[in-house]
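Good morning, colleagues. Please take a moment to look at the chain on the screen before I describe its parts.

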Amino acid sequence: MPESKRGTVRDLRRANRAAVLRHLYFHGPLSRHELGQATGLSSGTVSNVTAGLLVEGLLREAGSVDSDGGRPRTLLRVVPECGHLIGIDVGETRVRVELFDLSLSELARADHPLTGQGHDVGLVVRHIEAGVAAVLDAVSPGPERLLGVGVGVPGIVERHGPEGVGAVVHGQTVGWDAVPFEALLRAAVDLPPRVPIFVANGAWTLGQAEMWFGAGRGARDAVIALIGSGVGACIVTGGAPYGGAGSAAGEWGHTTLRVGGRRCRCGALGCLEAYVGAAALLERWAEAGGKVVDGEGQEAALARLLAAADEADPRVVELLAETAEYLGAGIADLVNLFNPERIVLGGWAGLLLGPVLLPRVRAAARSYALRHPAARARIELARLGTDAVAVGAATLPLADFIERGGRVGAPAALNGRR
């Protein structure tokens, strides 16, 4: 019984610290009085919690504001430099490792291209190992201030694999079959044992970044789409990303667009990704007689295709019109299934194609969706650019740090939504 009571008190203190940190992080700077109103905590509890966080260097004073007839109220804010975070994007053409402060301002980055060997697991892990070492070497005091590492990967992430293995990745389109990715990273990357590692689907991390800081901010029900070589989505319901059974939700690119249609990278026929993803779009361009440049990367090739559209090449104009209709039809499925208030198109290819295709995509989505849910759904472009997956990956340890009340340790459950 005494141990249970101590545990209850400890949990309450952690919850109080988390509530104060969360409100200051997203809405600060705030006064102690404003914190009490926002969190529902008593003035004594707010004073005790903030005093401890100030002593630990997690908060600092940030000026003052006048009160109603009393003394000015001191404002408090989270100290950005009190901790560092690493966000990693295992993308389709490169591995990007970025180091951030607590405000998610970039401090250092390292990029490693993925070329002939593709997504060989050993190669990806070595790139991450080198990238983490490089960004930690670029700042002082290196790993001492590191709060955690987040990684966005292609495929389905099984959060809890066999005992001692951690997150397992099922990446069918890149040839990853039940890869014990978290364990491989822990063994290869030189990190203090206290530093947690989080692994999530790249579309999920992009979605969390856009929901926290970008085009999804303020929405309760949304879909954040990642359009790159392939297609994925983060489905947000009630303000939280939805994972489904085993975190497999969001594989929007592998919903069937046309029965018996083009073969997708996953092996199935007629997937949305086989028509809308950048790899498939470039294949369709080559089949239509478009110029193929040996050794040219997908981003450069897609930019060249869009330049041809500017020159009114009729083959490109027709191809892009068809792609906009396919994408609009896919979005209409999301509208009818989830009734979101906002749909955000991101990913490197989505950001390239969006300015050109968005009016036609909106029109196609309206024509295929039911009128009532379509009328309330806003379709817009992502705002965080091509770093959004890495930024979102860094939010994984950040969210855990806040939920722990500013403590670092083995990853918490993140309310079951990691």
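This is a predicted model: local features need pLDDT of at least 70, side-chain atom pairs count only at pLDDT 80 or more; totals for chains, interfaces and linings use all residues.

Which residue in the hairpin of β5 and β6 takes a positive phi? The residue is Leu104, with a phi near 65°, and the hairpin has 4 residues between the strands.

Strand β5 covers residues 94–101 and strand β6 covers residues 106–113; the two pair in the antiparallel sense over 7 bridges. Within this pairing, the bridge partner of Val95 is His112 in β6.

I turn next to an open sheet of 3 strands, in the order β8-β9-β10, with antiparallel pairing. The edges are held by β8, residues 156–158, and by β10; each has a single partner strand, so one side of each is left without a neighbour in the sheet. Neighbouring strands here are turned by 20° against each other on average, direction ignored. Between β8 and β9 there are 3 bridges, and Ile156 stands opposite His170 in β9. Strand β9, residues 168–171, also pairs with β10, residues 176–179, in the antiparallel sense over 2 bridges. There, Val169 stands opposite Val179 in β10. The hairpin of β9 and β10 has 4 residues between the strands, and in it Gly175 takes a positive phi near 80°.

Next comes an open sheet of 5 strands. Its order is β14-β13-β12-β15-β16, and the pairing is mixed. Which strands stand at its edges? They are β14, residues 240–241, and β16, residues 378–381; each has a single partner strand, so one side of each lacks a neighbour in the sheet. Strand β13, residues 231–237, pairs with β14 in the antiparallel sense over 2 bridges, and Thr237 has Ala240 in β14 as its bridge partner.

Helix α10, residues 314–338, lies across β12, β13, β15 and β16, and runs at about 145° to β15. Helix α11, residues 348–368, packs on the sheet as well, touching β12, β15 and β16, and its direction makes about 160° with that of β16.

Finally, I come to a pair of helices. Two packed helices are described by the angle between their axes and the distance between the axes. Helix α6, residues 202–213, and helix α13, residues 388–403, pack at an angle of about 80°, with their axes 7 Å apart. That angle makes α6 roughly perpendicular to α13. Among the residues that meet are Trp204, Leu206 and Phe213 in α6, and Val389, Leu396 and Leu398 in α13. The residues of this contact divide into 12 nonpolar, 5 polar and 1 charged.

Thank you for your attention.

Terms used:
Residues are numbered from 1 along each chain as its sequence is written. Side-chain values use heavy atoms; hydrogens and water are left out. Two strands pair if DSSP finds at least two bridges between them. Contact means heavy atoms within 4.5 Å. Axes are lines fitted to C-alpha atoms, for helices over the stretch in contact, and angles run from 0 to 180 degrees between N-to-C directions. Angles under 35 degrees count as roughly parallel, over 145 as roughly antiparallel, 65 to 115 as roughly perpendicular and the rest as oblique. Ala, Val, Leu, Ile, Met, Phe, Trp, Tyr, Cys and Pro count as nonpolar, Asp, Glu, Lys and Arg as charged, and the others, Gly among them, as polar.
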